[in-house]
Amino acid sequence: MKSETYFFFKRFFLYVIPSVLAFAMSGIYAIVDGYFVGNRVGDPGITAINLVYPAVALTQALGTGIGMGGAVRYSIQRASGRNREADRYVGVTTACLFMAAAAVTAAFLPLIPWFLNVLGAAGVVWQYGRVYLVIVIGGAVCQIFGTGVTPLVRNSGEAAFSMVIMTAGFITNVFLDYLFIWVWDSGVAGAAVATVLGQLVTAVGGMGFLMKRKLPVWQLRFSGKYFSDIMRVGLSAFGVTLCPNISLLLMNLFLMRYGGDQAVACYAVVSYASCIVYLMLQGVGDGCQPLFSDYYGKGDKQSLRRVQAMAFVTAEAVGILCFVLLFLTRSHVGRLFGASWEVSAAVVDRLPIILVGFLFLAAARVVTACFYATGQSGRSAVLVYSEEVFLLVLLLILPRFFGETAVWWSMSGAQILAGGWAVFMGIAVEGASRRE
């Protein structure tokens with residue numbers, strides 16, 4: 001007879017493995033445009049996409065935050081036996097996704113030229129950035145629903161199908177990138193269209209699944225209380241998705257100041273390479289989230305602690321593996337994205353600096369997921385956004401004395417500080433819980 005421990009481990013990995021694989025696909029999804037554009041258009045194209053990507057990520061982060069907020073509240077209510085309340089959170093979540101899509105499209109489209117000017121884009125980079133943003137922001141509803149429905153699918157007990165719909169979107173994006181950019185020579189515009197249509201596939205697949213499971217996704221309703229509950233939890237999930245792109249924005253601004261266009265192009269390649277790692281670490285946290293919420297809703301503290309321990313080990317293993325693989329292959333990364341010889345050589349020197357922060361970031365992602373999955377949204381938000389505060393402070397101080405190299409070390413330094421802060425907060429909360 002199989003032991004309780006066997007079933008516990010089985011349940012853990014049935015949630016976490018599909019989530020990590022799905023987020024790995026999402027990471028590849030994020031770099032596919034850079035790969036095709038870089039190899040077809042060159043450094044100006046990849047620089048433009050890298051510069052404007054924080055704006056694109058904002059739409060995805062909104063969807064993720066709202067979807068995760070609704071999914072966490074749904075899971076906790078279901079685990080507590082309040083099924084009617086759980087279903088109401090689904091309807092409110094869908095309504096919030098629609099409102100967010102409409103708001104992003106209406107508010108941001110007129111601001112695109114201003115945004116590009118603030119980023120310091122000029123010439124052909126400005127033109128490429130404008131084309132990309134107009135198409136992607138115009139299709140914000142696809143982005144927001146594509147990222148918003150996947151947490152609901154995962155928390156309904158189908159982590160594997162969540163991976164399937166994300167993979168379907170990824171495959172669609174890759175195929176259309178090849179078709180639009182390499183076959184039809186549509187350049188940056190083709191990359192943007194492929195991105196939107198890929199997310200559309202994920203959104204349609206997710207909504208179809210939720211409807212088949214008879215979850216009330218079309219019972220659109222708005223409630224101040226439910227909206228507040230979703231937003232409190234979603235603020236942290238929103239930050240986990242968006243903050244790497246705030247880091248991207250800050251790094252671009254300071255690298256443009258201290259290193260110029262070539263330094264920004266180098267960071268574009270490095271950020272594409274490291275994007276998969278960040279998302280895989282997020283996948284560990286988000287994969288554990290349904291388990292965190294379920295055991296929290298049931299009041300099973302012992303199982304909750306076991307999941308936390310396993311999540312830490314898994315996240316650190318992922319961080320170490322990615323560190324080793326990227327370090328060993330760093331000389332090939334620039335060429336993979338069609339970067340010039342000068343940019344590729346700079347990647348070899350700069351990528352190891354960024355890799356240092358991965359091991360510390362792993363702890364931060366797990367603690368963050370545990371906090372927002374168990375109703376500790378305030379602590380989770382503090383932890384998420386403190387990483388960006390650390391980065392900004394280091395960027396304002398270190399490069400003044402040590403130049404461009406210090407910009408790169410500021411990123412790793414911020415992740416080291418965030419990881420240490422996460423461990424401290426986790427230990428403090430656990431100690432308080434045991435004393436109760």
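Predicted model: local features only at pLDDT ≥ 70, side-chain atom pairs only at ≥ 80, totals over all residues.
1. On to the salt bridges, of which the count gives two. One pairs Glu 404 with Arg 350, with 3.6 Å between the closest N and O atoms. This pair links distant parts of the chain, since Glu 404 belongs to helix H16 (residues 404-435) and Arg 350 to helix H13 (residues 341-355), 54 residues apart. Glu 404 is partly exposed at 22% relative accessibility, while Arg 350 is buried at 18%.

2. Arg 365 and Glu 387 also meet through their side chains in a salt bridge, at 3.7 Å from N to O. Arg 365 is in helix H14 (residues 358-373) and Glu 387 in helix H15 (residues 377-402), so this contact ties together parts 22 residues apart in sequence. Both ends are tucked away: Arg 365 is buried with a relative accessible area of 9%, and Glu 387 is buried at 7%.

3. As for aromatics, searching the whole structure turns up seven pairs. Take Phe 180 and Trp 184: their ring centres are 5.5 Å apart and the planes make 45°, so the pair counts as tilted. Phe 180 is buried at 14% relative accessible area, whereas Trp 184 is exposed at 51%.

4. Last, the packing. The largest nonpolar core has 113 residues, and Tyr 132, Leu 133 and Phe 292 touch the most other members. Helix H10 (residues 261-298) supplies the largest share of this core, 19 residues. There is also a second, separate core of six residues, including Ala 364, Phe 371, Leu 383 and Ala 422.

Terms used: Residues numbered from 1 in each chain as written. Heavy atoms only, no water. Core = buried A, V, L, I, M, F, W, Y, C linked by side-chain atoms within 4.5 Å. Buried < 20%, exposed > 50% of the residue type's maximum accessible area, 1.4 Å probe, protein only. Helix = DSSP H or I, 4+ residues; strand = E, 2+ residues; numbered from the N terminus. Phe/Tyr/Trp six-rings, centres within 6.5 Å; stacked < 30°, edge-to-face > 60°. Salt bridge = Lys/Arg side-chain N within 4 Å of Asp/Glu carboxyl O.
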